[in-house]
Amino acid sequence: MSDSVIRFDRLTTHFRVKNLKELLARARQRAGLRVRAVTDLSFEVRRGEIMGFLGPNGAGKSTTIRTLMGLIHATSGAAYLMGEQVPARHARERVGFLPESPYFYDFLTATELCDLVGRLYGLDHATRKRRAGELLDRVGLGDARARRLRTFSKGMLQRAGLAQALMNDPDVVVLDEPMSGLDPIGRKEVRDLIISLRDAGKTVFFSTHILSDLELICDRVAIIVGGKLRDVGPLSRLLSPKSTHTESVLRARDPEGASALAGAAGWTDVVGARTRVVEDEAFITLPEGADVDAYLASAHSHRAAVVSVTPRKESLEDLFLREVESAGVKGAGDRA
Amino acid sequence: MSAPGRVWAIALNTYREAIRQKTLYVVAGFAAGIKLLAVALGEMSLHQEVRVVKDVSLGALSIFGVAVAAFVGGALLYKEIDKKTIFTVLAKPVHRHEFLLGKYVGLGLTLTTLFAALVALLTLALSLRGVTLDATLVKQILLSYSEVLVVAAIATFFSSWASPFAAGLFTVALFVVGRLVPDIVQVAKKVDNPVAQAALKAVARIAPDLHLYAISGGTVEGGKEVSIHATFVGWDYVATAAGYGLLWSAAALLLGILIFRRRDFV
Ligand SMILES: Nc1ncnc2c1ncn2[C@@H]1O[C@H](COP(=O)(O)OP(=O)(O)OP(=O)(O)O)[C@@H](O)[C@H]1O
Ligand SMILES: [Mg+2]
C-alpha cells in the first residue's frame, strides 16, 4: 500500500450548462459552453495527516469532493480512494463523509439516522446502537438523540452529519466545510474532534474557506482557485517565514517634533516607506528588506518618539489573497 | 454487508418515510370512504348489493393503488436528489442499482401495506353483507396487486430522469395506454392508413398489456366472457399475468438503473 490515501490525477470535472438562457449568456461572454468547475487537479493526501482544502466560494472544492465520493462523474482524469479508482465502492467502507450543508431524512431521529448509516456499512445491531450513542454524545447531541431531524438547527444538523460520518469508525474522513454553521464553541469542538481523529491514526481531508480553521490544525494545505490547484504543501512552506514588511508608529515628542512629523512622509521616503499621518501620530509601513536601523536613527534625529516597531509575517490571509489575485479571479468568482 | 442487506435498509427507510407522511393516510381514508359508500349503495340497490360492493371496492383498490404508485413512485428519486439526502446514502459503500432497487422495494412495501389495509376493509364490508372473501375475489385482488407493482416499477423508471409531476403523468399515461392495448390492436386492424396502422401496432407492442389485470366484465382469450361475478379465470392465468408483470417490472427497473447510474448529483 502506498502512503497516499486520496489521490487526484489530473482530475477534471466540467458541467454541461442545461439552462438555455445561461447557455446564451455564456456564449456572449465567450465563457465556453461548459462550466469548468475543476480542471487538471493533481495532488494527494497522505496517511495520517490532516489536510486542508482551501479556496474561495465557487473555487471547486465541493465539486472535487463530490467527484471523489462518486457522486459526480469526472470529465477526465481520475481520483483514487486508498488506491481504488473512483467510484471506489470497497474503499468507501473505510471512509466517512460529511456533505456540505448536510440535509438528512428529516423524518428520522438522530439515532435513527446513525442506525440507517450503520446498516449501509453492514454493522450489526449492537455495534450500531453503541456507536450511535457514543458519537451523538461526542458531537454534543446526547440530549437531542430522540428528536426528529426536522426540528434541528443548522448547527445541530452539522453535528448530526459529523456523527453519521464516523459511524463506520473510518480510516479516512472527508469533510466538506465541517465548521460551517457552527458557533465559535462549535468550531473549536470540531477542530478538537479533527485533531483527536488524527491522534487515533486517521486521515482527515476537509475543505474550508475560513483561514483560521486551517492555520491551527492542518499538516498540509491544498489551495484551489478557479478550479485549478494553486499550491500544495505544509503551511510553514506556503507561508514565507521571513517578514514581509514592518509596521511602525511614531508620535511627536514636542511641538517642534510635530512639524517634523508632519513632514515625515518626506524623510521616511529614503527607506522607501509609506507614511500616513493622523493628528500627532504617524503610521509607517516599511517594505520588505528596508533598513530598519536607518529608519530608527532618522526618526530619532527628527525628535519623533517611536511608539512601536512590528515586523509582519505573511499570514494565511495574505497567501490566500495573493493566490486569488495571481489567478486573476476577481473576488469570489463564478467565472470558472 | 450483503447487497440484499443494503437494498433492504434503503427499502425500510423509504417505507418509513412513506408511512410517516400524512398524504398516504388521506388516500387510504379516501379509499375507505368509497368502500363505505359502496356498502351504502349496496343497501339501496335491492338485489345487487353484493355485486355493487365488490365492483366499487375492487375499482377503488385498483385506482388508488395505481394513483399512489404513479405519484409516490414518480417523486421517489427526485426528492432524494433535491433535498440532497442521496449524498449520505450514495457516499456509503452502496451501488447505485442497490439504491434504486431499495427505493422500489420500499415503494412496494408501502403499496402492500395500503393493499392490506384496504383488503381488510373490503373483507369487513363484505362480511357485513354476509359474504366471505372467496377465491374469485382473491384472484382479482392479486391481479390488481400485480398491476400496481408494474405501475410502481414504471414510475420508478420515469423518476430516474423526469420531474415528479412529469413522471407521475407519464406513468398514468402509460397505464391508460396499457389498459387499452386490446382496443388499440382492434383499431389497428381497421385503419387503412399504413403509417397509422404501424404506429398503433408499435404502441400496442411497446406498452405493457395491463388489460390482463382488468378482466372483470371484459373479454379474455378469444371472446370468452369472464366476470368476477360468475365464471372467472383460473390460477394459471393469475400466475401467468403475475409473471408477465414481473418481467415488465424487471425491464423497467433495469432501464431506470442504466439511466440512474450515469447521473451526476450536484
Ligand atoms: N450543477 C452545476 N452546473 C453548473 N455549474 C456548477 C454546478 N455545480 C457547481 N457549478 C459551478 O462549479 C464551480 C465550483 O463550485 P463548487 O460548489 O465546487 O465550489 P466550492 O469551492 O465548493 O464553493 P463554496 O465555498 O461556495 O462551497 C462554481 O463556479 C459553480 O458555479
Ligand atoms: Mg462547497
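A:Arg276 lies over the face of A:Phe283, 5.1 Å from the ring centre. This is a predicted model, so please hear every number that follows as computed from it.

The hairpin in chain A is next. Strand S12 of chain A, residues 274-278, and strand S13 of chain A, residues 281-286, run antiparallel and are joined by five bridges. In this pairing A:Val278 stands opposite A:Glu281 in S13(A). Two residues lie between the strands of the hairpin, and A:Glu279 there takes a positive phi near 50°.

Now the open sheet. In what order do its six strands stand? The order is S6-S7-S8-S3-S9-S10 in chain A, and the pairing is mixed. S6 and strand S10 (228-234) of chain A stand at the edges; each has a single partner strand, so one side of each is left without a neighbour in the sheet. On average, neighbouring strands of this sheet are turned by 15° against each other, direction ignored. Helix H5 of chain A, residues 154-165, packs on the sheet and touches S6 and strand S7 (172-176) of chain A. The direction of this helix makes about 170° with that of S6(A).

As background, strands of a sheet pair through backbone hydrogen bonds, either parallel or antiparallel. Strand S9 of chain A, residues 220-225, pairs with S10(A) in the antiparallel sense, over six bridges. Within that pair, A:Ile224 stands opposite A:Leu229 in S10(A).

On to the magnesium ion, ligand 2. Which protein atoms are its donors? They are OG of A:Ser62 and OE of A:Glu100, lying 1.9 to 2.5 Å from the ion. The two residues are 38 residues apart and link distant parts of the chain. A:Ser62 belongs to helix H2 of chain A, residues 61-68, while A:Glu100 sits in the loop between strand S6 (95-98) and helix H3 (110-120) of chain A. A:Ser62 is buried, with a relative accessible area of 12%. A:Glu100, with a relative accessible area of 26%, is partly exposed.

Next, the aromatic residues. Over all chains the structure holds 14 aromatic pairs. A pair of aromatic rings is described by the distance of the centres and the angle of the planes. For B:Phe157 and B:Phe158 these are 5.1 Å and 50°, and the pair is tilted. Both B:Phe157 and B:Phe158 are buried. In chain A, one aromatic cluster is formed by A:Phe8, A:Phe43, A:Phe53 and A:Phe205.

That leaves chain B as a whole. It has eleven helices and two strands. Along the sequence the pattern is α-α-α-α-α-α-α-α-α-α-β-β-α. Chain B has 266 residues, of which 45% count as buried. Of the contacts in chain B with a separation of 6 or more, 78% come from residues 24 or more positions apart.

I will end on one residue of chain B. Is B:Leu90 buried or exposed? B:Leu90 counts as buried because its relative accessible area is 3%, and buried means under 20%. B:Leu90 is in helix H5 of chain B, residues 85-90. Leaving out residues up to four places away in sequence, B:Leu90 touches A:Met69, A:Leu71, A:Arg92, B:Arg96, B:Phe99, B:Phe260 and B:Phe265. B:Leu90 and B:Phe265 are 175 residues apart along the chain, and their C-alpha atoms are separated by 9.6 Å.

How values were computed: Residues numbered from 1 in each chain as written. Chains lettered and ligands numbered in written order. Predicted model: local features only at pLDDT ≥ 70, side-chain atom pairs only at ≥ 80, totals over all residues. Heavy atoms only, no water. Donors = N, O, S within 2.8 Å, 3.2 Å for Na, K, Ca; no water. Helix = DSSP H or I, 4+ residues; strand = E, 2+ residues; numbered from the N terminus. Buried < 20%, exposed > 50% of the residue type's maximum accessible area, 1.4 Å probe, protein only. Pairing = 2+ DSSP bridges. Axes fitted to C-alpha atoms, helices over the stretch in contact; angles between N-to-C directions. Contact = heavy atoms within 4.5 Å. Phe/Tyr/Trp six-rings, centres within 6.5 Å; stacked < 30°, edge-to-face > 60°. Lys NZ or Arg CZ within 6 Å of the ring centre and 35° of its normal.
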